Amino acid sequence: PPASQNNEQGSTLRDLLTTTAGKLRLGSTDAGIAFAPVYSTGTASGKSGRTMPNILDDIIASVVENKIPPNRAPKINVKSEIKDEPKDDRKGIQDDCSKLYSDIQYSWICDKHVLWLRDHKNNNNWKLFKECWKQGRPVLVSGMHKKMNFSLWKAESISLDFGNQQADILNCKDSIISNTNVKEFWDGFEDVSKRQKIKNGETALLKLKDWPSGEDFKAMMPARYEDLLKSLPLPEYCSPEGKLNLASHLPGFFVRPDLGPRLCSAYGECVAATKDHDIGTTNLHIEVSDVVNILVYVGIAKGNGVLSKSGVLKKFEEEDLDDLLRKRLKDSSELPGALWHIYAGKDADKIREFLQKIAKEQGLEVLPEHDPIRDQSWYVNKKLRQRLLEEYGVKTCTVIQFLGDAIILPAGALHQV
């Protein structure tokens, strides 16, 4: 229908943005960004042009990119349509990038699915990042730890400052969560002899769940909070006040997601020692917002029952890795700390169907309302990843995160660690 006949009682985010944009006084939002009214550009019959924007990109374009002065008539800059299944134009992107961004040190990894920005100091990184981000692809930025105060992030430093705090600690082997003193977690971070034992005498594989998070992080760890913020990659996008960070431009009446930051800490080398790598410290899931994850510290555990550094490297090499990642593994100056498996958001339904099928094969009850991704109930091991490829055509993007690496994921990308 023509815009004038559109129902103004918006029931979705798109409806709310569309009906609200034309009513707000220009320049009156909390962020100081003028909203452009959104009008129909097609005919009432809908046979030519567009009747109303049917993609959120149009709204974002009018909100963020068109900063319209109050004394000027607003115009909407409608971007080209995005098809439901965009064609794979990675090669075109790469060809263009090699010509336009010759001053940026970068590579493509994971079958050219992930952009790797190798020089964190280059102020032009955001220009190339923007082109990649339009395609909804993950990005890796290395060397962020070189900008940080490393002493703040050592396990012993955090234990000394906050050992008396209580927090939720998850045992990844049996999914049991307990509220306990965090000193117990940190004391065992690099000393296996001080770690908890579970019923059968095995060492507990512990994860400190999102402690601290959000405003608690800022209040409890102000020095670390400031150190993190000044060290964020691509501050134009990742900084809370970044000019291209959409969340920083949302008006005050929007309910924002929890954008953190939060500290995620886990015992990792025990995972590598498990048969078939059946356990992860973070199961397969989706975040509702874009995520930047920086590996700020890698501990080398000592004691019986853990792999040596060479043993961990060998386990990494058994993965389906990009040649550039294998080369980084051989570099003695690099310290690997986390193994990521990433999937595009468009594959979520296939993965969901696959996991439900596996659950039935294993005799598990699959309830109608059960969502294996939302419930974070699966870590997809190597055998299952192979089946997922063979039976559903879904390929895993495997990334090793080294000390100082920032992994930036678009909202909707599935991942496990």
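Let me start with a term: two strands pair if DSSP finds at least two bridges between them. Helices (H or I, at least four residues) and strands (E, at least two) are DSSP runs, numbered from the N terminus. Quick housekeeping: this is a predicted model, where local features need pLDDT of at least 70 and side-chain atom pairs count only at pLDDT 80 or more, while totals for chains, interfaces and linings use all residues. Residues are numbered from 1 along each chain as its sequence is written, and side-chain values use heavy atoms, with hydrogens and water left out.

Okay, the sheet. Which order do the four strands take? Reading across, we get β8-β13-β10-β11, an open sheet with antiparallel pairing. At the edges sit β8 (285-286) and β11 (397-402), each of which pairs on one side only. As a reminder, strands of a sheet pair through backbone hydrogen bonds, either parallel or antiparallel.

Now go through the pairs. β8 and β13 (residues 414-416) are antiparallel, with two bridges, and there you'll find I286 opposite L414 of β13. Moving over, β13 is joined to β10 by three bridges, again antiparallel; here I342 has H415 in β13 as its bridge partner. Then β10 and β11 pair over six bridges, antiparallel as well, and W340 stands opposite V399 in β11.

So how enclosed is β10? For that I need burial: buried means under 20% relative accessible area, exposed over 50%, and partly exposed in between (1.4 Å probe, protein chains only). β10 (residues 336-343) is largely enclosed by the rest of the structure, because seven of its eight residues are buried.

C397 is buried, at 7% relative accessibility. C264, on the other hand, is partly exposed, with a relative accessible area of 46%.

Most residues other than glycine have a negative phi, and most peptide bonds are trans. C110 is not a glycine, yet its phi is positive, about 55°. You'll find C110 in the loop between β1 (106-109) and β2 (114-117), and it is buried, with a relative accessible area of 12%. L234 is another non-glycine with a positive phi, near 45°. That residue sits in the loop between α8 and α9 and is buried too, at 7% relative accessible area.

And the cis peptide bonds? One joins W211 and P212, with omega about -20°; P212 lies in the loop between β6 (206-208) and α7. Another runs from G260 to P261, where omega is near 0°. Look for P261 in the loop between α9 (235-238) and β7 (265-266).

Last stop, helix α5. Which residues of α5 (155-162) are buried? They are A155, S157, I158, S159 and F162. What covers them includes α6 (182-187), α7 (214-220) and α8 (222-230), where contact means heavy atoms within 4.5 Å.
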